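Have the viewer open as you read.

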Amino acid sequence: MSTYTVAVIGTGPDPSNPTVEGFAMGYRHTEAYATDDRFELVGAADIIEENGRAFGNHFDLEEENVYVDYEEMLADLEPDVVSVCVPPAIHRPVVITCARSGVVDAIHCEKPMADTWEDARTMVQECWRRDVQLTFNRQRRFGKPFTEAKRLIEEGEIGSLERIEIGWGDFYDTGAHSVDLACMFNDEYTADWVLAGLDYREEDVRFGSHQENQMWAQWRYENGVYGVASTGPGADLVGAAFLIRGSEGAIRIDVEDGPMLELERGGERTEVDVGSETLHHSGQEESRFGSHFHDRAVGEVADALDEEREPVLSGRRGLTTAEILFAGYESVRTRGRVDLPFDLDDNPLEALVESGKLTPEVPDE
């Protein structure tokens, strides 16, 4: 069994007080690494020196292994694996610098992938060119509500898959999970087109990026399966976090006032056992036990390295989700259907706000 040295870039602030400014995901990643004997934490870097020191003290790092400059850390420590836990807008320069360092074998990056489609594609391309494994922390793929739903689909319990409806969270941030899960349910097929509309009346900035208040989006995968997302005030339209429809039945995940996972066939609805697992956690203790599936995500990072295969969380697969998200925003900007693949340099939602075409009201302090 191989042992991989790990360094974290972007430790984040106090993890006991997560906000939309920062969720201290560096701590969550490191707690997960601590559950797997194949990983050894050797260093951390954060541009805010006090955050880095607090992180180092928390995880018993030597003072000299805590850095402000992550490039200096890479040169000094030559880590095998790097967790990138900085805001999405700076994923690209950090990931590419790690890939080009010549010392890193794998990069495990937080989601969303990036704040532009171009940045997302460039990161994947640069890591592929240098044979550096790139994964994104879409850890919910390992949650039992989702893996059991996938099993039911594969075993034909609902017949042929026809449509996946999402009624959970938002489109960009939560969508990095929910749309990714829809792609998983549909065997990783890419989308042909996206058509969408949104409402943005009240300013909502998360991790430095604007996030709409309500979104309606429809897309069609290349195999004919449809995806639908109805978020914000329209989320209750779906009646669950996910409604997966097939030719002979349906699967519901996180049913309103109902079970976590439910199978419907012949007009009868049956609860499917997923233990204590939910959309968000495995039911274990939160501290140091990977309760939010992060332990399973970093386990996949090591498994893929050991087995020299594409990870379940690969950047290539992540591009399918990112393409749908940015095409949804582009559909809003162009007021029409966006056919894929497409070229896009900017973030259409950010551009609409910057141009004044979307003018959300800033909440009172």
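α5 (117-129), β6 (133-136), α8 (294-307) and α9 (315-334) each give at least two residues to the lining of the second largest pocket. Helices here are DSSP runs of H or I with at least four residues, strands are E runs of at least two, and both are numbered from the N terminus. This is a predicted model, where local features need pLDDT of at least 70 and side-chain atom pairs count only at pLDDT 80 or more, while totals for chains, interfaces and linings use all residues. Residues are numbered from 1 along each chain, and side-chain values use heavy atoms, without hydrogens or water.

The pocket holds about 390 Å³. A pocket is an open set of points on a 1 Å grid where a 1.4 Å probe fits, with protein on both sides within 12 Å along at least five of seven lines, and lining residues have an atom within 4 Å of a point. Its volume is the space filled by probe spheres set on the points. α5 has the largest share of the lining, three residues.

α5 and α9 also pair up: their axes come within 10 Å and cross at roughly 170 degrees. That makes α5 roughly antiparallel to α9 (an angle over 145 degrees). On the α5 side, W117, A120, R121 and V124 make the contact (heavy atoms within 4.5 Å).

Here's the residue make-up of both sites:

Key:
Axes are lines fitted to C-alpha atoms, for helices over the stretch in contact, and angles run from 0 to 180 degrees between N-to-C directions. Angles under 35 degrees count as roughly parallel, over 145 as roughly antiparallel, 65 to 115 as roughly perpendicular and the rest as oblique.
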